[in-house]
Amino acid sequence: MNDINLHDKEHAIERLEYVKGLNYTDKEYKKNLRKHMFKYKTNANGLLIQRLSAEQELFMFETYGIDNLKKYAIDVLEQNIEYCTVLEQKTHDEQIEKTIEFLEKSNSKEYLLSLKDFSTKTAYNWYIPVDRLINWIDCYMIQRQVFFEYASNEKTYLFAPNYFTDNVLLLTVETDNIAEDYEADIDQITKVYDEVVKGIIKILKELPEERMIENLFTITNEEKQKNGEEISKLAQDYYEFIEESTENEETEDN
């Protein structure tokens with residue numbers, strides 16, 4: 001999910017308990033990871049998110065520190081378990097119902113506060129990573145419906161261009177101040193996240209009966225290629241849409 005290979009549910013649960021129990025200091029973590037990298041060289045995986053390469057995990061550690069890296073690892077593993085739980089559901093309605101349950105669970109001030117250390121602010125706008133949304137968007141292939149509704153000039157609640165290059169999606173929240181005080185803006189952040197979550201839920205409820213979640217454990221190369229082609233076409237359409245919208249705004253202003 002979000003470019004990180006999946007564990008099956010049993011191993012994801014075991015891994016989650018292992019990571020929760022780790023209490024590395026920065027020095028201990030770096031020493032053990034470097035030892036691991038020396039031993040396994042190009043095949044070295046991370047210590048916290050086993051399916052992440054050691055180089056990627058080290059970069060994240062140097063950027064965010066061990067506490068935030070551990071928090072990120074726990075979040076990724078919890079998402080892995082949620083995905084496996086949805087995949088266990090036998091019918092379209094059961095899968096949608098369970099997905100909505102997890103979406104609504106993430107729609108809380110507590111969860112959004114946990115994203116503080118991964119978020120950035122430029123002038124009046126917060127940019128907040130929303131992996132829990134992008135995973136469901138990807139798994140149901142509903143990028144077109146979401147991006148044209150929530151990442152356009154009408155409602156710029158999501159920053160989508162990074163999605164097409166790096167599979168990164170950011171929640172964008174405009175505030176009335178330039179201070180980088182996440183807690184002070186949390187009510188506005190919560191309001192925007194709530195609107196996007198409810199929008200995604202509405203899209204999911206309207207999906208046709210034959211649309212089931214993508215099984216990423218068994219997906220074929222042909223299906224991956226087909227999805228890739230669909231996303232490439234979406235990127236082209238999306239950029240053209242944004243460009244036309246911008247040109248129309250400039251014409252109206254003149």
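Colleague: How many residues in the lining of the second largest cavity are nonpolar, how many polar and how many charged?
Modeller: Three are nonpolar, one is polar and two are charged. The rule is simple. Ala, Val, Leu, Ile, Met, Phe, Trp, Tyr, Cys and Pro count as nonpolar, Asp, Glu, Lys and Arg as charged, and the others, Gly among them, as polar. The lining residues are M141, Q143, R144, E230, I231 and L234.

Colleague: What should I know before reading on?
Modeller: This is a predicted model, in which local features need pLDDT of at least 70 and side-chain atom pairs count only at pLDDT 80 or more, while totals for chains, interfaces and linings use all residues. Residues are numbered from 1 along each chain as its sequence is written, and side-chain values use heavy atoms, with hydrogens and water left out.

Colleague: What makes a space a cavity?
Modeller: On a 1 Å grid over the protein atoms alone, a cavity is a set of points where a 1.4 Å probe fits but cannot get out. Lining residues have an atom within 4 Å of a point. The search of the whole structure finds two cavities of 30 Å³ or more. Grid points are joined across faces, edges and corners, and the volume is the space filled by probe spheres set on the points.

Colleague: Which helices each supply at least two residues of that lining?
Modeller: They are α7 (143-150) and α10 (221-253). Helix α10 gives the most, with three residues. Helices are DSSP runs of H or I with at least four residues, strands are runs of E with at least two, and both are numbered from the N terminus.

Colleague: Why is M141 called buried?
Modeller: Buried means under 20% relative accessible area, exposed means over 50%, and partly exposed lies in between (1.4 Å probe, protein chains only). M141 has 12% relative accessibility, so M141 counts as buried. This residue sits in the loop between α6 (131-139) and α7.

Colleague: What is the phi of M141?
Modeller: It is positive, about 50°, although M141 is not a glycine. Most residues other than glycine have a negative phi. A123 also has a positive phi of about 50° and is not a glycine.

Colleague: Is A123 buried or exposed?
Modeller: A123 has 51% relative accessibility, so A123 counts as exposed. Its place is the loop between β1 (120-122) and β2 (125-129).

Colleague: What makes α6 a mostly covered helix?
Modeller: Nine of its nine residues are buried. Among them are D131, R132, W136 and C139.

Colleague: Which residues of α1 are buried?
Modeller: They are A12, R15, L16 and V19. These residues cover an arc of only 105° around the axis, which puts them on the same side of α1. The arc is that of the directions from the helix axis to the C-beta atoms. The face turned away from the buried side carries the exposed residues E10 and G21.

Colleague: Why does L169 count as buried?
Modeller: L169 has 2% relative accessibility, so L169 counts as buried. This residue is found in the loop between α8 (161-166) and β4 (170-174). Leaving aside neighbours within four places in sequence, the contacts of L169 include I128, I134, F147 and L158. Contact means heavy atoms within 4.5 Å.

Colleague: What makes E206 exposed?
Modeller: E206 has 55% relative accessibility, so E206 counts as exposed. E206 lies in the loop between α9 (186-205) and α10.

Definitions and conventions
1 Å grid on protein atoms, 1.4 Å probe; cavity = no way out; pocket = protein on both sides within 12 Å on 5 of 7 lines; lining within 4 Å.
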